[in-house]
Amino acid sequence: MVTSLLSSDDLTQARALLEATGLQFETPYDDMVGIFEAGRLVAVGARQGRTLKMLAVAPSHQGGTLLDEVVTELVGRGYQEGVDSFFVFTSPALAPNFETLNFHLLAASGKTALLEYGDGLKRYLARFTRLVHPGNNGAIVANCNPFTLGHRYLVEQAAAAVDQLFLFVVREERSLFPFGARMRMVQDGTADLANVTVVDTSWYAISSITFPTYFLKDGDPGGAIQMELDLTLFAQRIAPHFQVKTRFVGSEPLCGTTAAYNEAMHRILPPLGIEVREIERKNADQHPISASRVRDMLLRGELEGIAELVPVSTLDFLLSSEGIKIWDKGGAR
Amino acid sequence: MKIVKKAQAGTMQSSDLMVFLEPAETLNVTIESTVLKQFGALIRAKVDEVLAKHGVEAGEVRITDRGALDYAIEARLETAIMRATEG
């Protein structure tokens, strides 16, 4: 029977089982379950948000149904908590164990494979089928936190070079501006560009699943593997659906993580058939326009200079009562 | 019967299936199976039959199957329907 692992003895046994199978005990997690036999833990698994992790079965008990039981329990409980899509990272050699449980391989890169339970990617792509026009299409993936004249310049340059430009706005809620607000700023700021289509990334590009360290600036070395998975997934599964042949990106003189991501794009995407075009960052006052520069100015209350960095549509939002609530946490205004 | 809340039944073990039900405006059934090529049409027919028997006319129905026999499909789906419709 699958039970929750809660007591310190449970956790000690879980740690020992994980280490015996070459894994690590990785906090945090939302839920951890296991199966005991005569007081000894023989299978373990945990869920953190949408990701299943720390899945291990004692060598003496492998080949049976214990993994199935643990995954069933984690998915069933997660579903009740409101999670509708589940992911697992494993080695490509172990991926078939999950494929028999109806997990689907999203992308594999080097020693890591990312699989998804259910048909989330297919349903995500199906949402946009009617929006795609055949042609020489391009893509930008951006957080737009908030949407600046730098983004606008990149979008204009890219849109002029392709038939249809898809602007993927990062869905993840890890930014100062919530997704809904970012999406609206992007839609309002690009409404006059006829061949630009604004869509969301769901969990399939620059998300806490595909690229968790993106949101921790100057991330750890593990970030390199995640960038490769993120970009492989984009090139193999997302770009073909949108008939995207070129990915556009702004040059990155400021942020280490983003610069490394750009560098990884040049390395990974062209061999998979996606051209990468890096466009020089637009300047204002001899400094590159960036969303972080706008956020810094907002948080310091320097509102005068912001008009030179963002389109009117973004400025209107930032100065609306809804916008002010987002950046002026102290409520001084 | 009307699906009024999320519910789930079944397991991921071989010869079993997992059923996920959610309220929705229209009826939308998606089936994934390790034997979809061979038995997809039969699974679908069974699912439609059970939904009709219980008068389920709307809802998001997601099934992931690992080769369950038809009485297992019926039992799991009925269980999920009971859980999704009860007060």
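These are my notebook entries on a predicted model, in which local features need pLDDT of at least 70, side-chain atom pairs count only at pLDDT 80 or more, and totals for chains, interfaces and linings use all residues. Residues are numbered from 1 along each chain as its sequence is written, and chains are lettered from A and ligands numbered from 1 in the order in which they are written.

**Chain A overall.** I looked up the secondary structure and found eleven helices and 14 strands (DSSP runs numbered from the N terminus: helices are H or I with at least four residues, strands E with at least two). I noted that the C-alpha trace spans about 70 × 50 × 35 Å along its principal axes. I also looked up burial: buried residues make up 40% of the 333 residues in chain A (buried means 20 or more other C-beta atoms within 10 Å of a residue's own, with C-beta atoms placed from the backbone).

**The sheet.** I traced an open, parallel sheet of five strands in chain A, ordered β10-β9-β8-β11-β12 (strands pair if DSSP finds at least two bridges between them). β10 (196–200) and β12 (275–279) of chain A stand at the edges with a single partner strand each, so one side of each has no neighbour in the sheet. I then looked up one pair: β8 (137–142) and β9 (165–169) of chain A are parallel and joined over five bridges. A:I140 has A:L167 in β9(A) as its bridge partner.

**The contact between chains.** I found twelve residues from chain A and twelve residues from chain B in the contact (C-beta atoms, placed from the backbone, within 7 Å).

Conventions: Two residues are in contact if their C-beta atoms, placed from the backbone, lie within 7 Å. A residue is buried if 20 or more other C-beta atoms lie within 10 Å of its own, exposed if 12 or fewer, and partly exposed in between; C-beta atoms are placed from the backbone.
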